[in-house]
Amino acid sequence: MANFEDIVQRCRTAFASGKTKDVNFRRKQLESLLKMYEEHENEMINALDADLRRPKQESLVVETEFLKNDIKHILYNLNDWVKPETPEKSLVNLLDDVQIFNDPYGVVLVIGAWNYPLQLLLVPVAAAIAAGNCVVIKPSEISTNCAKFVTEMVPKYLDNDCYPVVSGGPTETAELLKQRFDYIFYTGSTRVGKIIHAAANKHLTPVTLELGGKSPCYIDKSVELRTAVKRILWGKLINCGQTCIAPDYVLCSKEIQEKFIAEAKEVLKEWYGEDIKSSPDLSRIINHNNFQRLLGLMKSGKVAVGGNYDASERFIEPTILIDVKEDDAIMQEEIFGPLLPIFTVENAYDAIKFINSREKPLVIYVFSKNSKVIKELRENTTSGGFSSNETLMHCGVDTLPFGGVGSSGMGRYHGKYGFETFTHKKSCLGKDLHPLGELLASGRYPPYSDRKSTLLGILLRKRRPFPKLYLSHLLAVGLGIGLTVLFTHYMQGKLFTR
């Protein structure tokens with residue numbers, strides 16, 4: 001077991017030196033990380049294939065290209081993100097310097113997940129680097145080949161004092177969590193998230209927890225079903241369902257259920273052929289324990305599509321289950337596999353009621369042509385994210401925050417939101433010692449009096465700000481008057497010279 005105390009202390013020494021606060025240093029580290037992605041893309045894809053039997057196209061879309069685009073987005077915007085913010089000032093602070101500075105937290109810990117072992121680790125790492133922190137990087141030991149890649153390659157591209165990689169399983173992680181960090185970012189299960197949160201509480205360390213949960217997918221009768229089925233099954237089956245934002249279960253009427261099953265059979269045949277097991281386009285379950293867990297969940301309800309499996313390959317056929325009950329195991333725990341239960345409801349109102357009776361999901365999906373139905377679901381439920389007529393793709397919009405709420409997590413990241421997650425917003429007030437400012441502020445000093453209280457009340461009273469449009473009109477009018485005066489003066493001068 002590594003000496004984690006020494007590793008963290010080395011990071012603290014590096015952070016105290018101030019080099020990570022240099023934006024040019026951060027930029028060079030990010031450029032180096034991008035170089036690693038570009039130079040070793042094939043090794044990354046091979047590692048993902050070895051761990052998950054991930055098809056190359058999936059790995060390109062959800063891992064390597066995602067990582068490269070994430071770094072590029074940061075590099076394009078970093079100079080703007082690091083600038084101090086200048087909020088609006090009230091009357092009492094009119095003569096003051098009011099700014100918000102973006103300070104790094106210090107030494108942060110990022111713990112990755114096994115299902116997207118590169119993306120879910122290195123995207124938050126890049127955000128933490130951009131914000132100026134030192135980062136202890138902990139890949140998931142379950143994805144052994146990807147963990148090996150990170151452990152071997154990252155030290156060749158990043159500063160070893162500022163960004164050490166530590167490996168190991170639950171025992172090593174427990175020891176690592178005994179160290180004091182300035183921020184902890186964890187992606188994984190809700191069960192382990194609670195352990196991380198408890199460990200962080202010992203030092204009042206802030207955390208971001210990117211967890212999972214059961215993300216529902218409501219299908220309205222108005223939808224164009226073939227397209228909806230394709231998008232839902234794609235979201236469910238990418239990475240063999242081992243995705244935190246995969247549609248976990250479908251809510252629809254019995255009529256839609258029958259049509260959905262018929263369409264699903266055709267789509268699955270179109271995608272994977274007659275022999276799904278031999279298709280190169282379906283990943284495998286990560287390990288034997290998860291495989292056995294999924295077989296247990298398949299006992300819920302009745303198999304309407306699929307149901308075949310092969311333990312020797314950790315293969316489970318895409319499976320749709322019907323007649324499931326609300327208290328069945330498959331409706332209680334996050335599935336994380338290619339199983340899709342359908343729970344029937346009469347309408348959108350019943351769907352909302354069902355969703356709100358359970359823990360808050362990471363995302364809610366709604367498929368409908370009816371904008372009113374979409375609005376009802378969006379406004380009357382709570383979730384980390386919301387997507388209509390699509391699955392998963394909201395995660396790829398780098399201008400949207402990604403994160404959960406309640407049991408599905410806390411905090412957010414992606415793009416600027418990732419930078420802000422690892423940034424302390426330091427409020428800074430600057431005053432001078434000018435006599436005018438001191439005169440205006442003198443009412444705060446003893447001895448107190450009614451006159452001083454009245455003066456302070458006038459200065460401190462919150463006032464509605466002038467509308468920006470109104471100020472622009474004033475400027476335009478002022479400019480017009482000024483130009484008119486200048487023009488008149490010019491013409492008078494011309495006449496006088498004649």
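Here is a walk through the structure above, from the whole chain down to single residues.

Keep in mind that this is a predicted model, in which local features need pLDDT of at least 70, side-chain atom pairs count only at pLDDT 80 or more, and totals for chains, interfaces and linings use all residues. Residues are numbered from 1 along each chain as its sequence is written, and side-chain values use heavy atoms, with hydrogens and water left out.

Let's start with the big picture. The protein chain has 17 helices and 16 strands; helices (H or I, at least four residues) and strands (E, at least two) are DSSP runs, numbered from the N terminus. Its C-alpha atoms fill a box of roughly 95 × 60 × 60 Å, taken along the principal axes. Of the 498 residues in the protein chain, 48% are buried. Here, buried means under 20% relative accessible area, exposed means over 50%, and partly exposed is in between (1.4 Å probe, protein chains only). Now take the contacts (heavy atoms within 4.5 Å). Among those between residues at least 6 apart in sequence, 71% join residues at least 24 apart.

Next, pick out helix α13, which covers residues 371–379. Which of its residues are buried? They are Val373, Ile374 and Leu377. These three cover an arc of only 100° around the axis, so they sit on the same side of α13; the arc is that of the directions from the helix axis to the C-beta atoms. There is a simple rule behind this: an α-helix has 3.6 residues a turn, so residues three or four places apart point the same way. The cover over the buried residues of α13 includes β6 (216–219), α12 (348–356), β13 (363–367) and β14 (385–388). Turn to the other side of α13 and you find Ser371, Lys372 and Glu379 exposed. Ser371, for one, has a relative accessible area of 57%. The N-terminal end of α13 has a cap too: a side-chain oxygen of Asn370 lies 2.9 Å from the backbone nitrogen of Lys372.

Now for the empty spaces. Rolling a probe the size of a water molecule over the atoms shows where empty space is left. The search uses a 1 Å grid over the protein atoms alone: a cavity is a set of points where a 1.4 Å probe fits but cannot get out, a pocket is an open set with protein on both sides within 12 Å along at least five of seven lines, and lining residues have an atom within 4 Å of a point. Grid points are joined across faces, edges and corners, and a volume is the space filled by probe spheres set on the points.

The largest pocket holds about 1,300 Å³ of space. It is lined by 49 residues, and Gly188, Ser189, Thr190, Arg191 and Val192 lie nearest its centre. Two or more lining residues come from each of α7 (170–176), β4, α8 (190–201) and α11 (288–297), and α8 gives the most, with 6 residues. By class, this lining has 19 nonpolar, 18 polar and 12 charged residues. (Ala, Val, Leu, Ile, Met, Phe, Trp, Tyr, Cys and Pro count as nonpolar, Asp, Glu, Lys and Arg as charged, and the others, Gly among them, as polar.)

What about cavities? Among the residues lining the largest cavity are Leu233, Leu268 and Pro338. Helix α9 (225–237) and strand β11 (319–322) each supply at least two residues of this lining.

Tyr186 is found in β4 (residues 183–187) and is buried, with a relative accessible area of 7%. How far apart in space are Tyr186 and Leu209? Their C-alpha atoms are 5.1 Å apart, although 23 residues separate them in sequence.

Asn239, in the loop between α9 and β7, has a positive phi of about 60° although it is not a glycine. His414, in the loop between β15 (409–410) and α14 (416–421), has a positive phi of about 90° and is not a glycine either. The peptide bond from Pro446 to Pro447 is cis, with omega near 0°.

Methods
A polar contact is a pair of N or O atoms within 3.5 Å; within protein, one must be able to donate a hydrogen and the other to accept it, and residues adjacent in sequence count only if both atoms are side-chain atoms.
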